[in-house]
Amino acid sequence: MNNNSIYPYVPLTSRLVTSKQVDTPILGYFMTILDAACQKELDFNHTPEQFGFLSINPEQINDLANLTSLQPIDMVDLGKALGSLIYPVFRGETKVNSPLWNNEPTVVWQFQLNVMNSWNFKTMNNSRDKAVESFDQVLGMVRILRSSLEARHQDPEIILNANDLANVLLLIEEKLCDAHRLLEPDSGILDD
């Protein structure tokens, strides 16, 4: 978590959803490592510019466990279990130019955090689905902003960066305008 940002990491362990109960313990422990790393303010997201996405280098996971005084995780078993993730959504392995590693290419596992469990993004093909996506993104932004403000209540002297707050409000306004446009009777879901 960057102290100059109002976007905190929202803990994942308690929100984990899997399709196979047998995979829940290892995936839950993986999320516990990420939550602990965030609590210690360790940088591990290789795509911070992508709102609602978390990208982590698999080789970094046990380093994070060590830095947070947790036991290492079996990476082979973890890799096999990722397919049963419902939330957060596992988007697969990809290569990115990482700001954490001087913009050098690195392989990451990518997760999408701001999605509804029941919605299949791959089949999004109508205005209703697109409107749902916009509403879901707005809810995610509002929850993160609220969580950030609640987390900082212990420090009454905290000052939010006006540009950060304005940017969040602009994103929310844009997503709500998209949803409104998609749901208008003349051009929205009635034609789908």
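From the N terminus on, the chain's elements follow the order β-α-β-α-α-β-β-β-α-α. The model is predicted, and local features need pLDDT of at least 70, side-chain atom pairs count only at pLDDT 80 or more, and totals for chains, interfaces and linings use all residues. Residues are numbered from 1 along each chain as its sequence is written, and side-chain values use heavy atoms, with hydrogens and water left out.

**Exercise 1. The elements**

Work out how many helices and strands the chain has.

Solution. Start with the rule: helices (H or I, at least four residues) and strands (E, at least two) are DSSP runs, numbered from the N terminus. The chain then comes to five helices and five strands.

**Exercise 2. The sheet**

Find the order of the strands in the open sheet, and say which strands form its edges.

Solution. Step one is the pairing rule: two strands pair if DSSP finds at least two bridges between them. Step two is to go through the pairs. S2 and S5 are joined by four bridges and run antiparallel; in this pair, Phe53 has Gln112 of S5 as its bridge partner. S4 and S5 are also antiparallel, with nine bridges. Here Val96 is opposite Thr106 in S5, and Gly92 is opposite Gln110 in S5.

Step three puts the strands in order: S2-S5-S4, an open sheet of three strands with antiparallel pairing. S2 and S4 are the edge strands, each pairing on one side only. On average, neighbouring strands are turned by 35 degrees against each other, direction ignored (axes are lines fitted to C-alpha atoms, for helices over the stretch in contact, and angles run from 0 to 180 degrees between N-to-C directions).

Last, look at the connection: S4 and S5 make a hairpin with five residues between them, and Asn102 in the turn has a positive phi of about 55 degrees.

**Exercise 3. The aromatic rings**

Count the aromatic pairs, then describe the pair of Phe30 and Phe111.

Solution. Rings of Phe, Tyr and Trp (its six-membered ring) pair if their centres lie within 6.5 Å; planes under 30 degrees apart count as stacked, over 60 as edge-to-face and the rest as tilted. This rule gives four aromatic pairs. Phe30 and Phe111 have ring centres 5.7 Å apart and planes at 50 degrees, so their pair is tilted. Phe30 belongs to helix H1 (residues 24-39) and Phe111 to strand S5 (residues 104-112), so the pair ties together parts that are 81 residues apart in sequence.

Now check burial, where buried means under 20% relative accessible area, exposed over 50%, and partly exposed in between (1.4 Å probe, protein chains only). Phe30 is buried at 0%, and Phe111 is buried at 1%.

A second pair, Phe90 and Trp109, is edge-to-face, at 6.3 Å centre to centre and 85 degrees between the planes. Phe90 sits in strand S4 (residues 89-98) and Trp109 in strand S5, 19 residues apart. Phe90 is partly exposed at 25%, while Trp109 is buried at 8%. Ring pairs link Phe30, Phe90, Trp109 and Phe111 into a cluster.

**Exercise 4. The core**

Which residues of the largest nonpolar core touch the most other members?

Solution. A nonpolar core is a set of buried Ala, Val, Leu, Ile, Met, Phe, Trp, Tyr and Cys residues joined through side-chain atoms within 4.5 Å. The largest one has 25 residues, and Phe30, Leu34, Ile56, Leu78 and Phe111 touch the most other members. Elements giving two or more residues include H1, helix H2 (61-67) and helix H3 (75-81). H1 supplies the largest share, eight residues.
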